[in-house]
Amino acid sequence: MAAEEHAIDALGQFKLTTALGPLGASVNFTQSNLMMLISGLLILGLMYFGARPQAVVPGRLQALAEMAYEGIRKMCIDQIGDEGKAFFPFVFTLFMFVLIGNLLGLLPFSFTYTSHIAVTLSLAMTVIVLVTVVALRIHGLHFFSYFFPAGAPKLLAPIIIPVEIISYLSRPVSLSIRLFANMVAGHVMFEVFASFILMMAASHALGSFGVVGAVGPMVLNVLLMGFELLVAFLQAYVFAILTCIYLHDAVHLH
Amino acid sequence: MRPIGLLAAAVMSGLSSAALAAEESKGMPQLDFGNVLTKSQVVWLALIFFVLYLLLSKWALPKVGTVLEKRASTIAGDLQAAQTAKTAADAAVAELTAKTRAAQSGAQAEIAGAVEAAKAAATAQAATLNARLDAQLAEAEQRIAAARAAAMGALRQVAGETAAVVVTRLTGVHASQPSVDAAVGAALAARGLA
């Protein structure tokens, strides 16, 4: 098969390079960071230009900005309670940063920074450190009772406590890998199907049948794009709502 | 980091192809922690994320929040104004209803008064007319009675004179006045006219 001759380079797209020319190279500023910068500017631009008309009846951009603001604020208050208002800016930043990163990554020639475990794990660690600090600040040492739910039989303590500790420590891992794996899988499939298109079209063995057959993977890629748009939203939402749930646990201890 | 590699392999297993397996052996760029760019990426991430958080929480989000608050207060104010207007309208309608009712009852009282007055005037007029007619009737009866009495008085004299003349003419005897009068009186009495 052609696959042997032209190996599919499905992972090359995740390779980091420096961006912004020699200046970027001198400070190891990667194309991943450039996308972060662009998405940050997009988020700030959305909120700034969305809020600027201050219209009572909002236009499209203002409606979008308000929808993001009110949706995430509602999620914070629903999940965490009234204390959630304090965490709203953080959850908003997190959600928008992940969402815009996922969406920007779907553009051709761009880069998906959420497809890097180093990035998702850093975000997840930020969440877990924040959650732990909040819990310690609110409950002090009483926080450790979280690992042994009140009312559980004392006899089961040797089992329950390690399980609770492991589940607590596995939060950043599951939080980061979920996002990372979803984004990687989607982009790998894009790359593979796109390679199939070229391989089939250029295949000598298949001839003109290959050109017709190449429509198959292309249709798949179009469908996949719709699916990945859903995944981009879903994963950002999951990341944000899990952050809210962890914060709820930190504030209320179960 | 073995589990992550396994996971990635599982993710791609549906896609088959020996090429992918070959790719896997080269490793994922994401797991190349020896690369200085993998680490610098995280440093820049921390910086960008922190600055984004600061700008959003201190500047951009409060701006949007202000717009939303302004809208909420505008809507609340408009609702308040509408409520006030409704209350005023209700009061005006109530006043109108009361005034209409008062005017109606006033008009009815006036009509009733006028009817009463007209009735009283008619009754009074009828009473005076009756009194006058009664008086005239009484006078007429009196006059009739007087005339009758006069006629009855004259009847005895005429009857007496006539009887005397008739007796004289028939008998040639001059009847005495007292006997004629007695006979006339008896005859009249017999007829119930005396």
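Visitor: What ground rules apply here?

Guide: This is a predicted model: local features need pLDDT of at least 70, side-chain atom pairs count only at pLDDT 80 or more, and totals for chains, interfaces and linings use all residues. Residues are numbered from 1 along each chain as its sequence is written, chains are lettered from A and ligands numbered from 1 in the order written, and side-chain values use heavy atoms, leaving out hydrogens and water.

Visitor: How many helices and strands does chain A have?

Guide: Helices (H or I, at least four residues) and strands (E, at least two) are DSSP runs, numbered from the N terminus. Chain A has nine helices and zero strands. Its radius of gyration (over C-alpha atoms) is 23 Å, well over the 18 Å that the globule rule gives for 254 residues, so chain A is more spread out than a compact globule. That rule is 2.2 Å times the number of residues to the power 0.38. Along the principal axes, the C-alpha atoms of chain A fill a box of roughly 70 × 55 × 40 Å. Chain B has four helices and zero strands.

Visitor: What percentage of the residues of chain A count as buried?

Guide: Buried means under 20% relative accessible area, exposed over 50%, partly exposed in between (1.4 Å probe, protein chains only). In chain A, 49% of the 254 residues are buried. In chain B, buried residues make up 18% of 194.

Visitor: Which residues does Leu103(A) contact, beyond its neighbours within four places in sequence?

Guide: Contact means heavy atoms within 4.5 Å. With those neighbours left aside, Leu103(A) touches Leu229(A), Ala232(A) and Phe233(A). Leu103(A) sits in helix 5 (residues 84-105) of chain A and is partly exposed at 24%. Ala236(A) is 133 residues away from Leu103(A) in sequence, yet 10.0 Å away in space, C-alpha to C-alpha. Across chain A, 67% of the contacts with a separation of 6 or more join residues 24 or more positions apart.

Visitor: How many salt bridges are there over all chains?

Guide: Side chains of opposite charge can pair when their charged atoms come close. A salt bridge is a side-chain nitrogen of Lys or Arg within 4 Å of a carboxyl oxygen of Asp or Glu. The whole structure has seven. One of them joins Asp78(A) to Lys74(A), with the closest N and O atoms 2.9 Å apart.

Visitor: Why are Asp78(A) and Lys74(A) separated by about one helical turn?

Guide: Because they are four residues apart in helix 4 (residues 60-80) of chain A. Lys74(A) is exposed at 54%.

Visitor: Where do Arg143(B) and Glu139(B) lie?

Guide: Both are in helix 3 (residues 36-171) of chain B, four residues apart, about one turn of the helix. Arg143(B) is exposed at 56%, while Glu139(B) is partly exposed at 44%.

Visitor: How far apart are the closest N and O atoms of Asp82(A) and Lys85(A)?

Guide: They are 3.8 Å apart, and the pair forms a salt bridge. Asp82(A) is exposed at 56%. Lys85(A) is partly exposed at 40%.
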